[in-house]
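Take a moment with the sequence and the fold below.

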Amino acid sequence: MRVILNSRHADHAAPGEFEAGAVVPCHEAPGRFGAIRGALEAAGGFTFENAAPNEECVAAVHHPAYVAYLRGASAEAKRANGGGLNSFWPTVFPFGPNPRARGAHALRGAYCFDVYTPILPGTFGAALGGASAAFRAAELVAAGTEKSVYVLSRPPGHHAEHDRCGGYCYFNNAAVAAQHLSRLGKVAVLDLDVHHGNGTQHIFYDRADVLTVSVHGDPAGLYPFFSGFADETGTGPGLGANMNVPLPPGTDPDGYRPALAHALDAVARFRPAFLVFAFGADAHEADPIGGLKLPTDFFGEMGAAVRGLGLPAVIVQEGGYNLGALGASAVALLRGVESR
Ligand code: SP5
Ligand code: ZN
């Protein structure tokens, strides 16, 4: 299988994240990339290539003011770096009649919805590299050159909304791929990261031509907490083109299988021309933040089930924070996708 890499990923590395009032090492760290790449190389059968930066593909799904903000804040962090400050964090989340007109501190909170998503000198470049890799994969699948292409990238993307970063995500890589493919036909986005793909849902919420389906830990108790509930079904022309399947904490393969079948059935009934598969290994039983109980082997079953749809697919890497489980799960999943 062809793998498109974000060669700029390591330019973004958050120095820490908040947990119970303290700062702990950030789960979304550069080592995740090498863990997956190393596992794929050891397994064999994968070819790797880099993608050229492409700003147009980002502009197709994100607000121009948000893109400009991320670019400017990354450049500002680069300059501030000389003074020993190397990351910008939101401190307030402004609301009111004009929250985006009040200077740098308000903007940090206005373009972000949580405290897990700082801006560093290399954030814009790294995020752009990921979106560009997803776009390149979509081009290959759209051209029919490849049946399935895997995008190995970080930072992840599925929490990033039209004009807000959050959940370690800046540009929505899966949405970039889906937007490009939607020019040629209907697209289904299937999100099996353990967290709800709120950004992808948000970007396509009023679209009838892009179905978004997410299977995830119940947001009543798991990040992102504010969306991912079953009653979010789309709006306007997009009513009925969004599906959330929340699962209780501790869900194992016996509990996950019917939820996955339900999600795949919704995808099949939509009759899409293309699939974008947002894959997270954070539903693995060894993941430090996911809370579900899926063993490595189950990711092979997951991949084979997705393959059963028979759709040309872009597979985009999202979360997964146990480095051993991450590489093994990615190999199992992609082998499953290739199986026949
Ligand atoms: C792409 C992706 O998987 N984003 C996930 C963002 C999750 N951010 C919140 C992390 C909270 C970690 N604290 C967990 C404490 C468990 N001991
Ligand atoms: Zn996740």
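How many bridges join β6 to strand β7? Five bridges join strand β6 (residues 187-191) to strand β7 (residues 210-217). The two strands run parallel. Two strands count as paired if DSSP finds at least two bridges between them. Strands themselves are DSSP runs of E with at least two residues, and helices are runs of H or I with at least four; both are numbered from the N terminus.

Before going on, note that this is a predicted model: local features need pLDDT of at least 70, side-chain atom pairs count only at pLDDT 80 or more, and totals for chains, interfaces and linings use all residues. Residues are numbered from 1 along each chain as its sequence is written, chains are lettered from A and ligands numbered from 1 in the order in which they are written, and side-chain values use heavy atoms, with hydrogens and water left out.

Start with the whole chain. The chain has 10 helices and 10 strands. Its radius of gyration is 18 Å, close to the 20 Å that the globule rule gives for 340 residues, so the chain is as compact as a globular protein of that length. That radius is taken over C-alpha atoms, and the rule is 2.2 Å times the number of residues to the power 0.38. Along the principal axes, the C-alpha atoms fill a box of roughly 55 × 45 × 40 Å. Buried residues make up 56% of the 340 residues. Here buried means under 20% relative accessible area, exposed means over 50%, and partly exposed lies in between (1.4 Å probe, protein chains only). Now look at contacts, meaning heavy atoms within 4.5 Å. Among contacts between residues at least 6 apart in sequence, 77% join residues at least 24 apart.

Return to β6. Five of its five residues are buried. V187, V189 and D191 point one way, while A188 and L190 point the other way. In β7, A188 stands opposite L211. The chain crosses from β6 to β7 through helix α7 (residues 198-204), and this β-α-β crossover is right-handed. Right-handed means that, with the strands pointing away from the viewer, the path from the first strand over the helix to the second runs clockwise. Strand β6 also pairs with β9, in the parallel sense, over five bridges. There the bridge partner of A188 is L275.

Follow β9 next. Strand β9 (residues 274-279) pairs with β10 in the parallel sense over five bridges. F279 stands opposite Q317 in β10. Together, β9, helix α9 (residues 296-307) and β10 make a right-handed β-α-β unit.

Is β10 covered or open on its faces? Both faces are covered: A313, I315 and Q317 on one side and V314 and V316 on the other are all buried. Strand β10 also pairs with β5 (residues 148-152), in the parallel sense, over four bridges. V149 stands opposite V314.

From β5, step to β1. These two strands pair in the parallel sense over four bridges, and L5 stands opposite L152. Strand β1 (residues 2-5) also pairs with strand β4 (residues 47-50), again parallel and over four bridges. In β4, the bridge partner of R2 is T47.

Now for the nonpolar cores. A nonpolar core is a set of buried Ala, Val, Leu, Ile, Met, Phe, Trp, Tyr and Cys residues joined through side-chain atoms within 4.5 Å. The largest has 50 residues; those with the most contacts inside it are Y150, Y256, L275, F277, M302 and I315. Helix α8 (residues 253-270) gives the most to this core, with eight residues. Apart from it lies another core, of 48 residues, among them C57, V67, V149 and Y170. What does F277 touch? Not counting residues up to four places away in sequence, F277 touches L190, L192, M302, V306, V314, I315, V316 and L333.

Finish at helix α6 (residues 173-181), where Q179 sits. At 18% relative accessibility, Q179 counts as buried. Leaving aside neighbours within four places in sequence, Q179 is in contact with A60, V61, F204 and R207. A175 is in helix α6 too. A175 is buried, with a relative accessible area of 0%. Beyond its neighbours within four places, A175 is in contact with V61, I203 and F204.
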